[in-house]
Amino acid sequence: VRVTTSQTLSIGNERLVLALDMNVNITRAGLFKLSFPLPEGLEIESASGPSLSHWTESTEDEQRIIALNLNGRTLGAQSFSISIAGPAPGALAEWKVPRISLREATRQNGQLLIVPEQGIRIQTLDRNHVQPRDARALAGNRPGTLAFGLLQTDWNLSISIESLDPWVTSQVLHEVTLREGLTKTRLTIDYRVENAAVKSLRLRLPALEPEQEKTVRATGAAVSDIVKVEGEESEGLWEIQFKRRILGSAKVEINYQKTTERKDDQEMI
């Protein structure tokens with residue numbers, strides 16, 4: 001059994017996904033199944049291939065094993081696509097890259113791409129039976145991608161993972177409309193988020209009376225809500241919450257108003 005794999009490991013802030021395209025050449029004797037140990041903390045999301053009947057999971061010596069059950073005794077060249085996912089490892093000084101190796105393989109090699117989400121920086125620490133390649137020569141790669149050639153079945157690779165802080169700038173248009181008995185305030189904010197995505201942003205509004213606080217509203221294509229931050233040191237602090245992580249440009253409009261007592265003509269004179 002000779003195996004060639006093309007693997008892409010995507011590392012995000014919340015989860016990681018390992019996508020494998022596996023070419024398997026079975027010679028001499030047919031096989032009914034192929035199998036591999038599943039790294040700790042990961043789950044198989046999908047597996048497909050023309051000769052694949054179904055996949056199952058079992059435990060052997062406290063190790064989870066995934067079996068790719070084939071459509072009867074199988075020979076020749078076969079292809080499989082497998083997706084494996086799990087929680088993101090977070091920032092770590094050293095992290096061992098999960099390895100997927102067929103137990104039936106006589107020889108296995110291939111290629112590995114490690115693609116970090118923007119805001120994550122990775123560096124190679126230690127490698128065995130792994131050859132660095134130029135990721136820039138591969139089309140469509142995100143900045144910071146690392147590429148490797150996998151030379152043998154028992155390859156090992158350790159990397160460091162660093163989370164970058166977001167860099168946020170903004171342009172604010174502050175408008176106040178004065179009417180008899182009513183003051184309306186509107187803030188139009190153009191945010192620019194770089195380096196890393198954010199799920200929320202904070203800003204400080206002038207001290208508002210309780211009735212004014214009830215009128216505070218935030219709108220925008222990506223805006224979910226705006227809430228007041230509680231605490232003694234959080235006076236006037238509000239948090240804008242987004243529907244999804246924001247990277248790049250985001251426009252937010254904030255409105256609030258204050259009602260004042262109307263003066264009659266005599267008082268005004």
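These legends describe close-up views of a predicted model.

**View 1. Confidence along the chain.** The protein chain has a mean pLDDT of 90. Of its residues, 95% reach 70 or more. Over residues 265-269 the pLDDT is below 50. That stretch has 1 contact in the model beyond near neighbours in sequence. Where pLDDT is low, the predicted coordinates should not be read in detail.

**View 2. Strand β16 and its antiparallel partners.** Strand β16 spans residues 237-259 and pairs with β13 (residues 182-204) over 18 bridges, in the antiparallel sense. Within this pairing, Leu 201 has Ile 240 as its bridge partner. Strand β15 (residues 223-228) also pairs antiparallel with β16, over 5 bridges. Here Ile 226 stands opposite Ile 240. Strand β14 (residues 217-219) is joined to β16 by 3 bridges, again antiparallel. Thr 219 stands opposite Glu 253 of β16.

**View 3. The largest nonpolar core.** This core has 39 residues. Ile 84 and Ile 114 have the most contacts inside it. Strands that each supply at least two residues include β1 (2-11), β5 (63-87), β7 (107-116) and β8 (120-128). The largest share, 8 residues, comes from β2.

**View 4. Surroundings of Ile 84.** Neighbours within four places in sequence are left aside here. The contacts of Ile 84 then include Leu 16, Val 17, Leu 18 and Leu 20. Phe 36, Ile 44 and Ile 100 are also among them.

**View 5. The salt bridge of Glu 43 and Arg 64.** The closest N and O atoms of Glu 43 and Arg 64 are 2.8 Å apart. Glu 43 lies in strand β3 and Arg 64 in strand β5, 21 residues apart. Glu 43 is partly exposed, at 43% relative accessibility. Arg 64 is also partly exposed, at 22%. Salt bridges with shared partners join Glu 43, Glu 57 and Arg 64 into one network.

**View 6. Two salt bridges that reach β16.** The structure holds 12 salt bridges. In one of them, Glu 14 pairs with Arg 245, with the closest N and O atoms 3.4 Å apart. Glu 14 lies in the loop between β1 and β2 and Arg 245 in β16, so the pair ties together parts 231 residues apart in sequence. Glu 14 is exposed, at 57%, whereas Arg 245 is partly exposed, at 36%. Asp 190 forms a salt bridge with Lys 251, at 4.0 Å between the closest N and O atoms. Because Asp 190 lies in β13 and Lys 251 in β16, this pair ties together parts 61 residues apart in sequence. Asp 190 is partly exposed, at 34%, and Lys 251 is exposed, at 53%.

Technical notes. Residues are numbered from 1 along each chain as its sequence is written. This is a predicted model: local features need pLDDT of at least 70, side-chain atom pairs count only at pLDDT 80 or more; totals for chains, interfaces and linings use all residues. Side-chain values use heavy atoms; hydrogens and water are left out. Two strands pair if DSSP finds at least two bridges between them. Helices (H or I, at least four residues) and strands (E, at least two) are DSSP runs, numbered from the N terminus. pLDDT is the predictor's confidence in each residue, from 0 to 100. Contact means heavy atoms within 4.5 Å. A nonpolar core is a set of buried Ala, Val, Leu, Ile, Met, Phe, Trp, Tyr and Cys residues joined through side-chain atoms within 4.5 Å. Buried means under 20% relative accessible area, exposed over 50%, partly exposed in between (1.4 Å probe, protein chains only). A salt bridge is a side-chain nitrogen of Lys or Arg within 4 Å of a carboxyl oxygen of Asp or Glu.
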